[in-house]
Amino acid sequence: MFTDIVGYSRLMGRNEAMAIEMLGDYRKILLSHIEQQNGQLVEFIGDAIFARFDSAASATAAAIAIQQHLQAFNEVRDKKLPPLQTRIGLHKGEVMLRDGAVFGDSVNIAARLEPLAVADGICISQTVYDEIRFTLSSPAKRLGVQALKNIEQKIRVYLIKPSGIGWRDHLFYFLRGLNKKIVAYRYPLTVCLLAFIVAGFYFIPRWLVPGYAANYVEIADFQNLMNEKGDADYFSAGITEAVRSQLADMRDVYIVDAKEGIHAPIRLEGSVQRLGDNLRIAYRLFRRKDNVQIAGGKLDGTYQDIFILQDRLVGEIARYLADEFELQNFRPAPLRLTGDVTAYDYYLRGLDFLGKPLSNENVDAAIQNFNQSLIYDDTFSSANFGLCEAYRLKNEIVKYTGFSQDAEKFCLKALEQGGDFSAIYASLGALYRDSGRYDKAIEYLQGALQKEPDNLAAIIALAGTYALIQDNSTAESLYVSAKKNAPKNWIVYQEYGYFLIRNGRYEDALENYNKVIKLTSDNVRTLNNIGAAYLYMGNFDKSAAAFERALELEPSDVAYSNLGVMYYYLGDFERAVNLYKNALRLSPDNIEYLSNIADGYFFMEGGSGLSDEYFIKTRVAAEKNIIANSADILPYLYIALSYIHFEDFEKAKEMLNRAEKISPDYVFLSYVWLRLSVLERNDENIIFFYKKAVESGYSNKTILSDPYFSILKSDKFLAFSKK
């Protein structure tokens, strides 16, 4: 813990005696609360105090008590005197002790967190927040990832303010963040200044409090408090999934997974404790703004009562959500998956292995647990459905037809046993689609819609299947129909926007993506797609802003890759390659990231050998993708790029011709043909495919920014490019 008196140096300059008297009162108050929480004073540093504690919980309790005591102290203090206020920084981590002194990065981080706090505030790191979030009752605000002076890694920071977080605090951090970005974005600021002044009073409140035009609830994974790390395990994950599944039936309420990258205004967190046969489930429902708790509670019972406890839990949460959103009371349908608790336990274990990184070991473990579940209850349809999903994933890894047939067999068996038919039909549709059996996929997805016409997942999957076979008119009619049926569901606009981007209709795509942002303002996936649309249109400023916002909210392979593309077009190839490698680390063997790394190295000094190496890796990975699904166009295009690099033009053309048979109007296809034409120095083809690339959706600015196409800036093509 580090503390500092607000305005102490200024007070010393004006009235030294008063400042020294205030310092005495300050130290007396702080030391009393540090001792109450079994903390230890390390040293006084001027008006600052450095202390350490045995746990983050005790340090936070002391910090909150200090701020509350100082607030009470100021209320009875002569109002003519300056208030006694402090800032506090807390971080949890390892330190080194030597002769009573404390050293290490953790000490430096705590010291750097303190100045980030407002007066009467406490800034804490993610490690502290993770330990105290379920017990924290004071208002808290997420400040995002912060770069701290002389600290190598960036730290995610939260503000706690016991007296309440007001609009001035929101404005302070908003302006602080804006000031950081002025250097990076100073060139567009002049253009925006007038608009900002005119619109400021309308927009600033919406920036401070992200608005949602629908009732969205974000559900985080329930944590297992008996787990050493306190994170989710198979049992708590199963409870989370049950809660999501039952609450998804609420009318006019949209449930999102916290891992989807959407920060909804209402968030549900929970925990599970299981000791022997005794079970406790706790939950906390709160508004993100100011961390205001809506409801919370604990439910106790035995493990045999698991289904009853889950039903009670969902019933309570649903009632509070109905009150919050002013909806009719909702009573969820009872969850009765099986009558055998042991079968259910093995089923949850199988689900847990399915959710882990894809590998033979994890899928085999899932299959083993689902089979064990069926030994205790052979009519358990969810376990059969779990086997269907496991064998479908097994087929993705091994590419053995027998596994695909096993997946189909267990899905059909789950269907016979009265399982969730819409999910099973959708899974069968995905199974057939991924193996290129599109007619069969359409048959099953249409079957799902016959049984449940408003099944949004089936509608979107069916539209995506029609798009894959180039029946764009049918696909678009399904997307438009879905929008009418679910005007406040962000997924519809998201998927329709992706369809529009694939067809080069970027303005239309942005219209749909902007609707998503109105519904879910902090949507990482959509921000990445907005950045991609602006990139294709050649608007690099707006593209960079969207990509950087997405990366700030949630680092992901897509966000790293997109930002890498931006730097590639701006000519910073070294930075682009580093970002692509971060993307590849999160998504190994991704052919797009491998090819992009190869492109970046190609334009770096001394990078030709590494470029060759990554183009070979691209080809190997793409060939595996073709074995998995020969109807996917992308692997052929990336193999063609590899052959173009090594100037094997005949093999490149062979790949491009095969790609054309799959999807002749695919946007990326014209780009790859243009790369080939430039390297062949075929002027007629260069002009033809340059024109086709622009017609298919690439902006002229994007094409001319690609270093592979520098020849298009020459006098020979200048007149044509200006057209």
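Analyst: Start with a definition. A residue counts as buried under 20% relative accessible area, as exposed over 50%, and as partly exposed in between. Keep in mind that this is a predicted model.

Take the case of arginine 505. Its relative accessibility is 30%. The partner of arginine 505 is glutamate 476, and their side chains meet in a salt bridge at 2.9 Å, N to O. This pair links distant parts of the chain, 29 residues apart. Glutamate 476 belongs to helix H17, residues 472–485. Arginine 505 sits in the loop between helix H18 (490–502) and helix H19 (506–519).

Some background on charge pairing: side chains of opposite charge can pair when their charged atoms come close.

Aspartate 300 forms a salt bridge with arginine 280, with 2.7 Å between the closest N and O atoms. This pair, too, links distant parts of the chain: aspartate 300 is in strand E15 (residues 292–302), arginine 280 is in strand E14 (residues 278–287), and 20 residues separate them. Aspartate 300 has 44% relative accessibility and counts as partly exposed. Arginine 280 is partly exposed as well, at 31%.

What about the pair of arginine 267 and glutamate 269: are its side chains buried or exposed? Arginine 267 is buried, with a relative accessible area of 12%. Glutamate 269 is buried too, at 2%. Their side chains meet in a salt bridge of 2.7 Å, N to O. A network of salt bridges links Arg133, Glu218, Arg267 and Glu269. Across the whole structure, the search finds 19 salt bridges.

Next, the covalent link. The search of the whole structure finds one disulfide. The disulfide joins cysteine 388 to cysteine 411, with 2.0 Å from S to S. The angle about the S-S bond is -75°, and the link is left-handed. Cysteine 388 comes from helix H12 (residues 381–398), while cysteine 411 comes from helix H13 (residues 401–416). They are 23 residues apart, and the pair links distant parts of the chain. Cysteine 388 and cysteine 411 are buried. Elsewhere, cysteine 123 is buried as well, at 0% relative accessibility.

Threonine 86 lies in strand E4, residues 86–90. Threonine 86 is buried, at 0% relative accessibility. The side chain of threonine 86 reaches the backbone oxygen of aspartate 4 at 2.8 Å. Leaving out residues up to four places away in sequence, the residues that threonine 86 touches include Thr3, Asp4, Ile5, Val6, Tyr26, Leu70, Val118 and Asp120.

Aspartate 120 has its own feature: a positive phi near 70°, in a residue other than glycine. Its place is the loop between helix H4 (105–113) and strand E7 (122–125). Aspartate 120 is partly exposed, at 21%. Asparagine 38 likewise has a positive phi without being a glycine, here about 60°. Asparagine 38 sits in the loop between helix H2 (16–36) and strand E2 (40–45). At 59% relative accessibility, asparagine 38 counts as exposed.

Over residues 490–523 the chain is 79% helix and 0% strand, with the end C-alpha atoms 9 Å apart. Residues 557–590 are 79% helix and 0% strand, and their end C-alpha atoms are 10 Å apart.

Last, the whole chain. The protein chain holds 31 helices and 15 strands. Of its 723 residues, 50% are buried. Among contacts between residues at least 6 apart in sequence, 60% join residues at least 24 apart. The chain exposes about 34900 Å², and carbon and sulfur atoms supply 51% of that area.

How values were computed:
Residues numbered from 1 in each chain as written. Predicted model: local features only at pLDDT ≥ 70, side-chain atom pairs only at ≥ 80, totals over all residues. Heavy atoms only, no water. Salt bridge = Lys/Arg side-chain N within 4 Å of Asp/Glu carboxyl O. Buried < 20%, exposed > 50% of the residue type's maximum accessible area, 1.4 Å probe, protein only. Helix = DSSP H or I, 4+ residues; strand = E, 2+ residues; numbered from the N terminus. Disulfide = S-S within 2.5 Å. Polar contact = N/O pair within 3.5 Å; in protein donor to acceptor, adjacent residues only side chain to side chain. Contact = heavy atoms within 4.5 Å. Areas by Shrake-Rupley, 256 points an atom, 1.4 Å probe, with all protein chains shown as cover.
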